[in-house]
Amino acid sequence: MSPSQPLRKAQGGRIDRTRTVAFRFDGRRYLGHPGDTLASALLANGVKVMGRSMKLHRPRGVLSAGVEEPNALFSVDWGSGKIPSIRATVMPALDGLVAQSQNCFPSVNFDLGRALDFTHRLWPAGFYYKMFKWPSWRAFEWAVRRTAGIGRLPDGTDRTRYRHLNSHCDVLVVGSGPSGLAAALEAGRRGEDVLVVEQDVAFGGSLLHDPMAIDGAASDDWLEAALAELDGMDNVRLMANATAAGCYDHNLVTIHDRSAAYRSDGPVETFHKVRARRIVLATGATEQPMLFGNNDLPGIMLAGAVHAYVGRYAVNCGQRVAGVVNNDAGWHSLLAVHDAGTAVRAIVDTRGDVERELLDAAEERGIAVHPGATPLTARGSSGVRGLRFAAANETTKQVDCDLIAMSGGLNPTTQLYSQAGGKLRYDERRHCFVPDKDPADLDVVGAASGSFGWENGSSVRPCTVAPVRTGRQWVDFQHDVTAADIELAVRENYVSVEHMKRYTTAGMAVDQGKTSNLGVLSLLAQLTGRSPGEVGTTTARPQFMPVTMGAIAGNRRGDFYRPAKRLAAHDWHAGEGAVFDDYGAWKRPAFYGDDRDASIAREVLAVRQSVGFFDGSPLGKIEVKGPDAARFLDRIYVNNVLTLKPGRVRYGLMLNENGVVIDDGVFVRQDEDHFLVNTTSGNAERIAAWLEEWHQCEFFDMRLVLSNVTSQWAVATLAGPDARAVLQSLPGLIDLSTASFPHLRFAAGHLADGMPYRLQRVSFSGEQSYELSVPSNRAASIFERLQAAAGPGKLVPIGVEALMVLRTEKGFVHVGVDTDGTTNPLDIGFGAVVDRKQRDFIGARSLARPNDRRTDRRQLVGFELLDRNASVPAGAHFVTGSNGGRRSEGFVTSACDSPTLGRTIGIGLIEGGFGRKGEEVLVYDSGRNLPARIVDPCFYDPSGERMRA
Amino acid sequence: MLRIPCPYCGERDEAEFRYGGEVPGSIPQTDVGDQAWADYLFARDNPKGLVHERWCHSHGCGQWFNVVRDTVTHRIHAVYGAGEAPPVVDCSNESQADGGR
Ligand SMILES: [Zn+2]
């Protein structure tokens, strides 16, 4: 026996005794062996307290030997950063690993938060709902947030690499116990493509600690042969250290694969999405705790776990064991534990009718048996010293012990089964929920199906609340829910399982109630005079085990989270001093230069006084071609499309069927049957898809094709009084004089060097303006040529922010900024256009509803602040009323300090705005009420002379 | 996550598709009453059982088509082209057969 591991047996177990691993837990160094989990290595070293409960900070020891563990949750660092809430019962003891207990300060053995436990009467069920109501939840939130929760997020960048893999198989076997392996062998021998998933580091399930005879052979030999045979089949994949975490429609199973999580050159986690023709669930069963006073003391464990620790890890969890059981599986574990050298003193069984065979087996071993007894309370404060129970003759007895091994019955592990749509049935005799009606293409085998291997024995007696109130009786260890909390909630009429769960938070901790849900249901049933079947279960949602967010995200993080779209001439802009910002998916120049406000003002004035250059390439461009193109677009646009002549351009609005404005922009008739639709930059893909949907689903008899050519063409916009002169210097361009190419015209051709171009005269700035499109790969070269043609410093590049100021001065709406999900075209001044159109268009019928015609709707207006030096942001509200509080009449949608006008102007939506020109209103912003005057939204060149010049 | 048989490409994963909701009734004439128009816009059957719905193979061929799906079992009984009449689906042996058009 290694002196450092006093509770390690001299022989046995599936650990590699030839090597040791050294790790730290709460600052102290411990030794273990490869094959250990953190929990088994700590138990071998005599460590009992491994965590603190979340709410009351009670000391807790390890309860289980598997994924169901509610207590021993550590923050663990094995070289990839600190990962919180790792279950010590499944985490391998790695050399150099550093683990810390959670939820305690300063240490797990002396935790100041324990003071909370002595005030537990102040923390009843529904505590949060009762206590934090006055004056408001916000008054308490900061303090609650500091103490609530389990574990802390890791600091810094996650060094783990994550990836996603999709695959298919004929048969997916979840679980590698005897039933799972048998199913895999059968399918493998048939030649089917098989995948076996095991969340443990090793295959074998219960066989790893509980040997039995299989097909006449010792299970160790059977296991070795089975694994060798499966390994030799090309059509079988074996995957350990991987958890089937969720089951979705059409047999899709997600698997969190940690098999490469402990690599020395950096951890890798894989998230598999496996599509299986057939799923075999061999997920086993989970042992449930018993109910008695202080049943959460360190040193109280599940009997099957005590068996696992001694059988698989050669660790004696105690010297003197008392068993508390209500079923035959508990006896099986306790007898095995005793035979393995962990002495069992007594077995307390709540059933009076224990099988003679079991009683004899215990008595042979010198174990005192107490059938028909009631466990009362565990003695001890930070560890078990004894168990008090009422014997069948109602005398109170006591047994000295340092470990209580309890078994409240087995419950099939059916989370995935329920997610797949399987129905459960309450089994009275076994006191658990078993699969009843399997979904298509899914089978449940072994303990998961309710076959526990002792079907001929006595039935299970459900736990009841111990009659003597000597210590709290815990139902949910992780969330600190007691039997008394359940009773209180029932008295307050929380009798639906869904309400009970939310009110007491039982089963809602990170263990998802794997060891508490059945206990809650069972108590609820007893207290309300129903059977657990009538109470019903809740369905555990994915994930079965916590999955790291990184694994779910895969490589979609950092730059890959939302890949930026870069302009074809991105580098050219950078060379011009552009400061980029995100506009939708695009990275675009916001402005050029160092000083944001000064740059924007300079760029605006350049457009107003000489000429500015804007890269409008993201502008949506959709070709619509075919004999019915005009008829189709006439259904799409509010505006009349049929009357547009070839070579002309018209501004249009698109609505959804509910009459709400969803996009705007110009459309061009290039030819009789050929149109070009411009959409706003952020909307190009959405509108292209939307047009396709209308064409394919509703107007499929119209002959036309749609093609989104947005990224094919780069767009150079030249705007300002000197725009024409600069542009005309490109050799080969058409005559741009207003007489031959007035506002709202389109032309296409080739420049002298053969470069194809498209040119439209449209304006978003209110100045004379041209949009020149050239193939995207020529963007930078055409920009340079325009710059050279203008002369040094003459052609001023402008960013999106300056353009927004220019269009606000002009009162042009920006759909999605000046409109929202309720704005119809009438609200933004297009009533006349709507009423002129005699034919149906998308949204037309909605505009005839009385509500769409109300004159007190929020309507688009301009406003100017009376104080010329004040400014106000978009989002500020127009308010009325003073003494009795404020009421919003609408809000500012765009505002700017106009360099052209030298004051703050803006546009917004305000109730009945069209009839309120000249009225003074208040604009409320951050505690200030600023007087403003409602005016026409067009502040600049209302007659449009400059635009058409 | 469903497996959806695109009539043009074959069976593919749901991630390749865009959902278009229940197939609506045909677009009413402009002189339809307010209530009938509201029903067309907003009211859907949302059946427990067979539903006729639109899907677009947006990351594949880009085509819209219709699917007959059982909302309880998620079984896809049939697919048919946009604008075509829905095929008659025999689901007499399924308990949830209800709500078809
Ligand atoms: Zn397709």
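**Exercise 1. The metal site**

Does Cys6(B) count as buried or exposed, and at what relative accessibility?

Conventions come before the solution. This is a predicted model, in which local features need pLDDT of at least 70 and side-chain atom pairs count only at pLDDT 80 or more, while totals for chains, interfaces and linings use all residues; side-chain values use heavy atoms, with hydrogens and water left out. Residues are numbered from 1 along each chain as its sequence is written, and chains are lettered from A and ligands numbered from 1 in the order in which they are written.

Step 1. Cys6(B) is buried, at 4% relative accessibility. The classes are buried under 20% relative accessible area, exposed over 50%, and partly exposed in between, with a 1.4 Å probe and protein chains only.

Step 2. Two further cysteines are to be classified in this way. Cys9(B) has a relative accessible area of 29% and is therefore partly exposed; Cys61(B), at 30%, is likewise partly exposed.

Step 3. Identify the ligand atoms of the metal. The zinc ion is coordinated at 2.0 to 2.4 Å by SG of Cys6(B), SG of Cys9(B), ND1 of His57(B) and SG of Cys61(B). Donors are N, O and S atoms within 2.8 Å of the metal (3.2 Å for Na, K and Ca); water is not among the atoms, so sites may look incomplete.

Step 4. Assign the geometry. The 4 donor atoms subtend angles of 105 to 117° around the zinc ion, so the arrangement is tetrahedral. Four donors count as tetrahedral if all angles lie between 85 and 135 degrees. For comparison, the ideal angle for four tetrahedral donors is 109.5 degrees.

Step 5. Cys6(B) belongs to strand β1 (residues 3-6) of chain B, whereas Cys61(B) is in the loop between β4 (50-56) and β5 (64-70) of chain B, so the pair ties together parts that are 55 residues apart in sequence. Helices (H or I, at least four residues) and strands (E, at least two) are DSSP runs, numbered from the N terminus.

Step 6. Check for covalent sulfur links. A search of the whole structure finds 0 disulfides over all chains, a disulfide being a pair of cysteine sulfur atoms within 2.5 Å.

**Exercise 2. Backbone geometry**

Which peptide bond ending at Gln543(A) is cis, and what is its omega?

Step 1. The cis bond runs from Pro542(A) to Gln543(A), with omega near 10°. Gln543(A) is placed in the loop between α13 (532-535) and α14 (549-553) of chain A.

Step 2. Turn to positive phi values. Ser85(A), not a glycine, has a positive phi of about 55°; Ser85(A) lies in strand β6 (residues 83-87) of chain A and is buried, with a relative accessible area of 16%.

Step 3. Asn251(A), also not a glycine, has a positive phi of about 55°. Asn251(A) sits in the loop between β13 (242-248) and β14 (252-260) of chain A and, at 11% relative accessibility, counts as buried.

**Exercise 3. Strand pairing**

How many bridges join strand β41 (residues 746-750) of chain A to β42(A)?

Step 1. There are 5 bridges, and the strands run antiparallel. Two strands pair if DSSP finds at least two bridges between them.

Step 2. His750(A) has Pro756(A) in β42(A) as its bridge partner. The hairpin has 5 residues between the strands, and Gly754(A) takes a positive phi near 95° there.

Step 3. β42(A) is also joined to strand β43 (residues 769-775) of chain A by 3 bridges, again antiparallel, with Gln760(A) opposite Glu771(A).

Step 4. Strand β42 (residues 756-760) of chain A is mostly covered, since 4 of its 5 residues are buried.

**Exercise 4. The interface**

How many residues does each of chain A and chain B bring to the contact?

Step 1. Chain A supplies 23 residues and chain B supplies 24 residues, contact meaning heavy atoms within 4.5 Å.

Step 2. The area buried between chain A and chain B is about 2200 Å², with 50% from carbon and sulfur atoms. In chain A, His250(A), Gln696(A) and Arg845(A) lose the most area to chain B, together 31% of what that side buries. Buried area is the accessible area (1.4 Å probe) that two parts lose on being put together, summed over both.

Notes:
Tetrahedral: all angles 85-135°; square planar, octahedral: opposite > 155°, others 65-115°.
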